[in-house]
Amino acid sequence: MMARFRESEALPHDIEAEESVIGAILVDPAAIYRCQEAGLTPSDFWDHTLGWIYEAAERVAASGFSPDIVTISEELAATIALSDPQTGATQSRLDVIGADTLTAMISRVGFTSNVGYFANIVREHARRRRLIAAITQSASLCHRTDIDIPTLYDLVSQSLFSAMSQEADGSHLVGNDEAIERYRQLLHRRHEMLDNNPDAFVRTYWRKVDAMLGPLQPGYLVVIGARTSVGKTMAMEQIAEANAKRGHKVVFYHLELSHHTMLDRCVARYSGVPLWMLRTGYTGREVEDALNAISTWFGNITYVHCPGWTAERIAADITRLHASGRCDVAFVDYLQKIPASNTSAFTAKSVGLQVEAFKTCAEKTGITLFLGSQVSRFFKESTTKRPTMDDLRDSGEIAEKANVVIMLHRPENERENNDSPTEEVWVFVEKNTDGQTGSARLIHVRGRFLLGDPVEDDDEDSAPEQPWEEQPEPDEIDLAADLLF
């Protein structure tokens, strides 16, 4: 039986929730990152020995290793729990807990997908205990007649605020000289970073789109919406590759396409060889040249084929890879393929929670996160006959929580013109936290999964309401945007 270090049976706690958290971590190493997303800390555990296990898992994860029962046990065995000053004898934390106890906890774990739910329960009880401790201390101070009232007010306030501030680290920015100086230092770091590397920030590398968005900031959630088969996956693939080529560590989560399909599309984009030819085993010179060019930056991309993964699991994996230095920009393709964590939840609410998980992940890790989304079919009833961010499927919370919303649209007349090797795809920046919105025209090379800037007058500004009816079809694509070799 695990030894217990309990403060009082009367204090708020839920030992089953705590054991569920630890059991989930022992079964699924990614669970530690979902707990960290919830803000759980070792001191939140009522049973201190369970807090030891959680602390060991955090240390293992921070070292870049997978926190499983073996690595956690080794970490516990290397940490002294008790020592006898007279004899010098010591006991490790693993000795106190017992290796058999860890093994037994694994056998009692059911599903690990709800570990975030139990982590929140553990954290809520810890908050209550801290407030109780602060109130108890305040009551004790009030009984002391040697303290004058003004001092008593200060002491009680400090006690309560200290307990409450643990839940809001970094949430308050005090507008003082120190804040101004920190901002000056931030500007200096940005300038120095861009001076050393002009591609330090994430961009789309489409000229007119970047002119509107500027560099995409750390912690931003960028939603790319489109109806089926217009090109949201293609757009995200190309942005991912462009940033990987410039040194960013990119992770691409694809819930629909296989690894082989992703590689086929990439090679088709860079070689110009149609996808169907690659699938027949074609190995011409252009394929070999493309592979040689791709190999110079391909090590900066990690593809994760994750059908059936929940938003929480993807967010946890992003956190894990970011902690190990392998992710500073992530792509998730796409939202409607992600199953709800709670299948009983109403669709709109469930989607809102999923988007919130990705937004929180982006902010806490400081990465830029791209999220693909389908649109409903009702956009055809609008006067513009194109989808807007209000048409994003299942929930209005998608656009509300995103920093940037980009909508892709291929005009109907382009769909009908199947003989042309190219077609227009319009990019509409409908939401931009940093200000400017507008539209830009791109050209899709059919069969090559390539979106390029068109050759056009640089003085041309934003698109008309229905630009595809007024623009001549371009006869070539400007690949000088350096998306290709």
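I began with Gln217, whose side chain reaches the backbone oxygen of Pro215 at 3.0 Å, a polar contact in the sense of an N or O pair within 3.5 Å, with one atom able to donate a hydrogen and the other to accept it. The model is predicted, with pLDDT of at least 70 needed for local features and 80 or more for side-chain atom pairs, while totals for chains, interfaces and linings use all residues. Residues are numbered from 1 along each chain as its sequence is written, and side-chain values use heavy atoms, without hydrogens and water.

I placed Gln217 in the loop between α10 (207-213) and β3 (221-226), the elements being DSSP runs (H or I of at least four residues for helices, E of at least two for strands). Gln217 counts as buried because its relative accessibility is 18%, the limit being under 20% with a 1.4 Å probe and protein chains only. Beyond neighbours within four places in sequence, I found Gln217 in contact with Arg190, Phe201, Thr368 and Asp434, where contact means heavy atoms within 4.5 Å.

I then turned to α3 (residues 48-62) and α4 (residues 69-77), whose axes come within 9 Å and cross at roughly 110°; axes are lines fitted to C-alpha atoms over the stretch in contact, with angles from 0 to 180 degrees between N-to-C directions. α3 is therefore roughly perpendicular to α4, a label covering 65 to 115 degrees. I noted that α3 contributes Trp52, Ile53, Ala56, Ala57, Arg59 and Val60 to the contact, and α4 contributes Thr71, Ile72, Glu75 and Leu76.

Last, I checked α11 (residues 232-245) against α12 (residues 259-271), which pack at about 70° with axes 11 Å apart.

Note on methods. Buried means under 20% relative accessible area, exposed over 50%, partly exposed in between (1.4 Å probe, protein chains only). Angles under 35 degrees count as roughly parallel, over 145 as roughly antiparallel, 65 to 115 as roughly perpendicular and the rest as oblique.
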